[in-house]
Amino acid sequence: MTWIKVLIAAVFEVCWVIGLKYAEGLWEWSGTLLAIAISFYLLINASKDLPVGTVYAVFVGLGTAGTVVVDILLFNEPFQWLKVGLIGVLLIGVIGLKLVSDSHESEGSRA
């Protein structure tokens, strides 16, 4: 359940990052600020149960990948293989960090 909070926080991160770029009126800025509040609330809440570094890395990785994908699909940013490759490297790093954190937690729980 805690990782679902991180996933939802990343979705709201994508919303507020896009809002920072495209918001112009009061309602758009209000939605952006609400997305920031929800995103960080969920991130902070998830950090209470999971390692902070891992949660933050997953949050940033998913948010970055989501923002680039949404930018390409909705806002006609040009598709570049280099961007996709670099996002893949980022996601591999996040997954590796998650795996290392899980093995570290299980080692700590045995002691």
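**First stop: helix α3**

Select helix α3, whose 24 residues should span 34 Å at 1.5 Å a residue; the C-alpha atoms at its ends lie 32 Å apart, which agrees. The expected span of a helix is 1.5 Å times one less than its number of residues. Helices (H or I, at least four residues) and strands (E, at least two) are DSSP runs, numbered from the N terminus.

The model is a predicted one: local features need pLDDT of at least 70, side-chain atom pairs count only at pLDDT 80 or more, and totals for chains, interfaces and linings use all residues. Residues are numbered from 1 along each chain as its sequence is written, and side-chain values use heavy atoms, with hydrogens and water left out.

Now colour the buried residues of α3, among them Val55, Val58, Phe59, Gly63, Gly66 and Asp71. Buried means under 20% relative accessible area, exposed over 50%, and partly exposed in between (1.4 Å probe, protein chains only). Thr67 also belongs to helix α3. Is Thr67 buried or exposed? Its relative accessible area is 16%, so Thr67 is buried. Apart from neighbours within four places in sequence, Thr67 is in contact (heavy atoms within 4.5 Å) with Val14 and Val17.

**Second stop: helix α1**

Select residues 2-22, which form helix α1. This helix has 21 residues and reaches 30 Å from its first C-alpha to its last, close to the 30 Å expected. Its buried residues include Val6, Ala10, Val14, Trp16 and Ile18. Against which helices do the buried residues of α1 pack? They pack against α2 and α3.

Show α1 and α3 together. Their axes come within 8 Å and cross at roughly 45°. Axes are lines fitted to C-alpha atoms, for helices over the stretch in contact, and angles run from 0 to 180 degrees between N-to-C directions. The two helices, α1 and α3, are therefore oblique to each other; angles under 35 degrees count as roughly parallel, over 145 as roughly antiparallel, 65 to 115 as roughly perpendicular and the rest as oblique. Among the residues that make the contact are Trp3, Leu7 and Tyr22 of α1 and Leu62, Val70 and Phe75 of α3.

The axes of α2 and α3 come within 9 Å and cross at roughly 145°. To see the contact, display Ser39, Leu43, Ala46 and Ser47 of α2 with Val52, Val55, Tyr56 and Phe59 of α3.

**Fourth stop: colour by confidence**

Colour by pLDDT, the predictor's confidence in each residue, from 0 to 100. The protein averages 87, and 91% of the residues score at least 70. Over residues 106-111, pLDDT stays under 50, and the model has 0 contacts there beyond four places in sequence. Where pLDDT is low, the predicted coordinates should not be read in detail.

**Last stop: the whole protein**

Finally, select everything. The protein has 4 helices and 0 strands, and 31% of its 111 residues count as buried. Its C-alpha atoms fill a box of roughly 55 × 35 × 15 Å along the principal axes. Of the contacts with a separation of 6 or more, 68% join residues 24 or more positions apart.
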